[in-house]
Amino acid sequence: MRNKANPSVLFLYGLFLTILAFALRKIEPLIFSALLNMSIGLILGFKRFRFLIAAFLLSLVGVAVNAIIFAGGEPIYQLGPLIIRSKAITGFIEVSLRLALMLSATLIFSSLTNPRDLLRSLESELGLPKQVSFTVSLSLRLLRIFEADIREVQAVRKSRGLRTIPLTPSGWSSFLSPLLSIGLERGRWIGIAAELRGFSLRKSKKTCLKLGLLDFLIFTLILVQIIVFLMF
Amino acid sequence: MEKLRKALQVDIREAGYKLEKPVLKDVRLVLEEGEVLLLLGPTGSGKSTFILAITGILNNLLYGYVKGFVRLFDVNPLEPEGFRRIPRYIGVVLQSHELQIAMQTPLDEVLFTLENLSIENAFEKARKVLEKYGLSEKAEADVETLSGGEKKRLCLASSVVHEPELFILDEPTANLDPWGASEVLKYVLELKRKGKTVIVTEHKPRYFLKIADKIAVIENHTLKLGLKYGKELTPCTIMRAKRERESKIVYLKNVKFKYCEECPLVLEGASMDVYEGEIVAVVGPNGSGKTTLGKIVSGLLKPISGEVKIAGAAPWRLKPKELLKRVIYVPQEPNYFFVKGTVEKELKLAARYGELKFGKLIESLDPWILDKMDESPYKLSYGQKKWLTYTLAKVYGSRVIVFDEPTAGLDPVLTDKFFTWLKEASRDGITPILLTHDVRVLEYAADRVFIIEEGVVREIGVRDSIKVLKKPVEECFYEKQS
């Protein structure tokens, strides 16, 4: 029996969590799923994907500002001209939980598989087109390089007298531009290199989904979360 | 006598990315099986476009166009069906390994090629080729833990594993130290001995001149065979700015550094003094700690122990503006350096920090920069991007400029221009520190050289350093002859 999780099962689980993040309307199952998966995600990926967690925490600032400005409801606290309304609190919690669920999907998925296993599994076991499978598997590889890019951009920003973590929209634009430019160039050339190495000739044999103990555990997690969803 | 097959036949009337804007015109070339072609040309002249055109990438994948005739053995890569067959005949190594490696471990990377081409006994073949390229012990390591030389070897391994007939190597020695370059050279020699056809594009032709059967230059959109290219650089072209050693600007004593608690020491007691206006080179193999040293000098990394002073102050104790007045770091990859949407905004930002009037600054800029003021810096050619980073670094007015691999990817003409630029900057009192393994920097620019070996920094004579960097490649030819 396999002692690794099947990449296709992990992919399906990631997809399931992403759908949950968008579809759950009630707060209780959302809290349950977010806490459960965030705990698993942090255990598996805290060390390797700290930059993703940092990005998540930064995005919460944006969520909070958005909630304070746009949410309605009864005023519950006033700080000078700033009025915090009841729906700002619930709105902030709800959106944060949805983002946490998506982050945990990324952490679990990225920590337990590698690009080649994922490519083979998505092609042969799930029958996805090779172009889609390659794109998904490549994102795993690029995610890890992305952290090094961020560090280099921060080093240069510091050297040019700018904040390493920008505070303004234009600062963020200048922070993200090199990352996007390098990412696009990398994606383009990896695609060309893959074509020159015969990617268009690649053939996959259809095989059955091979499941191990960890896969059954993942299916149990899906089942538990569906039951919690139905309970509320 | 057996007649040799033609490996490559090219008769391109026009090729480019947009109609009416051809990058290549009237390009004719025939390469017999077993020949080595050395392809030269200035940065942005169209060498990469030539490779993309003859492999069919340009018109089949990049929405460009190729008018004319191309045959790789008996395959027409310009037709979609021929393009699909091309990977069985060719192995390609791109200039940057970052832009080629698609998988997470060396074993997976090599298997990716074999699985794409449905080659049997893939696992066994992959293990064998990794062993040959000295990567068997790291077969299942994360590729990000490999050194630059190891990554380049991995790219070579994954492009030769299916035993193609034609190899295309795009600047294979770029970013490699002389030891890594000599390894590449050995592999090319082996391919030549096996009767394989090889196309090498290079900015450092000296590595391949002795083994090339044909030399071609792409210049002014067209390809010319058998020409010399670029003017020869001589030490006379660069007057070295010798200075009275009075004002010490960079001072490092017994600096130790590691990236994490459990990581090994990268620097184990580095000491160096640099005087104002000197042009200093720091050399050492890939992964020896040159970039780390440069970042410590630039105040971007803090050592775990030891003393660092830039113009009399510890860099990490300085406020950002004060630090910038003393030192600026220019990374190897120019895209990292840009923070604004247009060239003009980049210059205005630098001028503001450098306390220069923008109107005055404009008068001293290269004419091509003035033409590109409204363009995004990311859309410039590689050579232009590099040049813009040097211009910006100077505009900031920092007393020390740390350049990481400044000549990587620059053609000989731009490299020569850069050396002149260094001399002028040095005369203006700027202290350039060049982290490099390009022997030309030592020959034509550096006043003093430091070498990093096993975490220790020591000063080495300029002549000795040139010998150290030339030795691996010379030994390679010596082995061949013996």
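Trainee: What is the volume of the second largest pocket?
Mentor: This is a predicted model, in which local features need pLDDT of at least 70 and side-chain atom pairs pLDDT 80 or more, while totals for chains, interfaces and linings use all residues. Residues are numbered from 1 along each chain as its sequence is written, chains are lettered from A and ligands numbered from 1 in the order in which they are written, and side-chain values use heavy atoms, without hydrogens and water. A pocket is an open set of points on a 1 Å grid over the protein atoms alone where a 1.4 Å probe fits, with protein on both sides within 12 Å along at least five of seven lines. With volume taken as the space filled by probe spheres set on the points, the second largest pocket comes to about 1000 Å³.

Trainee: Which element gives the most to the lining of the second largest pocket?
Mentor: The lining (residues with an atom within 4 Å of a point) has 31 residues, with Arg116(A) and Glu115(B) among those nearest the centre of the pocket. Of the helices (DSSP runs of H or I, at least four residues), α4 and α5 of chain A and α4 of chain B each supply at least two lining residues. The most, 6 residues, come from α5(A).
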